[in-house]
Amino acid sequence: MHARLHRRSVLTGFAALALAGSARGAAAQAGPYSLPPLPYAADANEPHIDARTMEIHHGKHHQAYVTNLNAALKDQGELAKLPLEQLLAGLDKVPESVRTAIRNNGGGHANHSMFWQVMGGKGGEPAGEVAAAIERDLGGFAKLKTDFNGAGARVFGSGWVFVTVDRDGKLALTARPNQDTPLMEGKRVLFGNDVWEHAYYLKYQNRRPDYLAAWWNVVDWSRIAERYAAAKAGTLTI
Ligand code: MN
């Protein structure tokens, strides 16, 4: 209970931090997007994901997606005012000169913002409605893990593996290359794992399957349950 309350206050405090950041560094942060702080300490996912990987992944890689997304939107007027999920669902309306930059960096910002949220937990098994949906749509938790890890291992080069959720709560497993996301097809992501080498190389080197297997130990099923309820309510964004 205390852990949940603490986490809530951290997430709520993020908006205030983001505002303070934009007031302090308007030049460094020209643009609509800012890096969300990690909702836990960098070592919260040890030993499965090491603190140094988290620091570089969040502070350097995710920051670069945010910086480059803001740069791509600099002269884009109304596009820069869209919520991220709407920007990504309407890439065909984005001028060709910045479309690839917005696809890669907007996708990167959305994917990583989701990714931090669904970790920081203790793994274990899903419960309640999420467990029932996994049983119904994905053949149960054991099969999901096997299929998800297999899909992640088969991504050639860099990409992501996701479980999507629709307004009826129906789940599906899917993978995407690079920083693409099902948000680009107007879908919603329940959770996903980053299989870019930068997500695991310091600790796992070339052993992506070991990283995929270990990742389940840090999943936060209570947070995923919140995302599932939000998806069914139509309020889940990224
Ligand atoms: Mn990444």
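A polar atom of the Arg208 side chain lies 3.4 Å from the backbone oxygen of Val195. That side chain also reaches the backbone oxygen of Gly157, at 2.7 Å. Polar contacts here are pairs of N or O atoms within 3.5 Å; within protein, one must be able to donate a hydrogen and the other to accept it, and residues adjacent in sequence count only if both atoms are side-chain atoms.

This is a predicted model, in which local features need pLDDT of at least 70 and side-chain atom pairs count only at pLDDT 80 or more, while totals for chains, interfaces and linings use all residues. Residues are numbered from 1 along each chain as its sequence is written, and side-chain values use heavy atoms, with hydrogens and water left out.

- Arg208 lies in helix H8, residues 208-215. Helices (H or I, at least four residues) and strands (E, at least two) are DSSP runs, numbered from the N terminus.
- Arg208 is buried, with a relative accessible area of 9%. Buried means under 20% relative accessible area, exposed over 50%, and partly exposed in between (1.4 Å probe, protein chains only).
- Beyond its neighbours within four places in sequence, Arg208 is in contact with Gly152, Ala153, Val155, Gly157, Val195 and Tyr200. Contact means heavy atoms within 4.5 Å.

**Salt bridge across the sequence**

- The structure holds 13 salt bridges. Each is a side-chain nitrogen of Lys or Arg within 4 Å of a carboxyl oxygen of Asp or Glu.
- One of them joins Arg103 and Asp180, at 2.9 Å from N to O. Arg103 sits in helix H4 (residues 96-118) and Asp180 in the loop between strand S2 (171-177) and strand S3 (188-194), so the pair ties together parts 77 residues apart in sequence.
- Asp180 is buried, at 10% relative accessible area. Arg103 is partly exposed, at 37%.

- Asp147 pairs with Lys143 in a salt bridge, their closest N and O atoms 2.6 Å apart. Both residues lie in helix H6 (residues 141-154), four residues apart, about one turn of the helix.
- Asp147 is partly exposed at 27%, and Lys143 is partly exposed at 44%.
- Asp210 forms a salt bridge with Arg207, with 3.2 Å between the closest N and O atoms. Asp210 is partly exposed at 39%, as is Arg207 at 35%.
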